[in-house]
Amino acid sequence: IAYFSMEYGLLDCMRIYSGGLGVLSGDHLKAASDSDIPLVAVGLLYQKGYLQQSLNADGWQQERTPLNDFYTLPVRPVLTETGEELLVSVTLPIGETWIKVWHIDVGRVRLYVLDTNIPKNETIEQREITDQLYGGDAHKRIRQEIVLGIGGCRALEKIGLRPTVFHMNEGHSAFLAVERVRVLMQEQSLSFGEALEATRVSNIFTTHTCVPAGIDLFENGMVYDYFRVYCEQAGFTFDQLLALGRTDSQDPGERFSMAVLALK
């Protein structure tokens, strides 16, 4: 089982979570380890984590975002057979973006966390994709979710893991389902519809934020900018992708929903 989540609450010193969702994800890994369930997890490794809040003497909220020093935390780079750091990439409108893969051992379960703040990425925009949890604008969010969903699938593949079940915790990682369709179309010469049906049976989606404020919505033009080339290379149309993210596939004004994509 491959378990994908935007945040994990494991230790106080590992500030890669904000609250309830992270605690849920972290406890899920610990419970899977205790029960000896064959599970690997995928997330993002945030340089700044999530803001820390405190109150000053006058009762006003103060915020700070201390930097995570990965080399003093219980996280290690994943290495290839030749001893090099394992990298995968995704193509974004800002260029090909490289992702370094780290790992954290949570008992018997291994959590792989993805990091774009590496020298091979030439622009600040690329390096800052994984700088902060729930920070930035819609462009930052869709880039993070492409790195998590698509980059995470490619990382597992390059590591040599071929999970039979993919669990999306919240809609943040729903692009992994699209990547699975693309891979199956290319590997097995299936049509889009055939690959979609074949992968659906082994996708799991859970959500605990069933309100509009907890669901990511993207303008269709933005999705087009990020997925036009991807769809061309994958062999299916952008309209087919867009229909998966709408409750009414015939409504051109409806925004692209990550939760609807995960559900469909």
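Helices, in this presentation, are DSSP runs of H or I of at least four residues, and strands are runs of E of at least two, both numbered from the N terminus. Colleagues, the model before you is predicted, so local features need a pLDDT of at least 70 and side-chain atom pairs count only at pLDDT 80 or more, while totals for chains, interfaces and linings use all residues. Residues are numbered from 1 along each chain as its sequence is written, and side-chain values use heavy atoms, with hydrogens and water left out.

I begin with helix H4. It covers residues 175–188, 14 residues in total, and spans 20 Å from its first C-alpha to its last. That is close to the expected 20 Å, where the expectation is 1.5 Å times one less than the number of residues. Just after H4, Ser-189 adopts a positive phi of about 55°.

How enclosed is this helix? Because 10 of its 14 residues are buried, H4 is largely enclosed by the rest of the structure. Here, buried means under 20% relative accessible area, exposed means over 50%, and partly exposed lies in between, with a 1.4 Å probe and protein chains only. Among the buried residues of H4 are Phe-175, Leu-176, Val-178 and Met-185, and also the charged residues Glu-179, Arg-180 and Arg-182.

I turn now to salt bridges, each defined as a side-chain nitrogen of Lys or Arg within 4 Å of a carboxyl oxygen of Asp or Glu. The whole structure contains 12 of them.

Glu-179 is buried at 2% relative accessibility, whereas Arg-154 is partly exposed at 24%. Arg-182 joins these two residues in a network of salt bridges.

Arg-141 and Asp-216 form a salt bridge at 2.8 Å, N to O. Arg-141 lies in H3 and Asp-216 in the loop between strand E10 (203–206) and strand E11 (217–218), so this contact ties together parts that are 75 residues apart in sequence. Both partners are buried: Arg-141 at 16% and Asp-216 at 15%.

Finally, Arg-143 bridges to Glu-125, with the closest N and O atoms 3.8 Å apart. Here H3 (residues 138–159) is linked to helix H2 (residues 124–127), across 18 residues. Arg-143 is buried at 10%, while Glu-125 is partly exposed at 42%.
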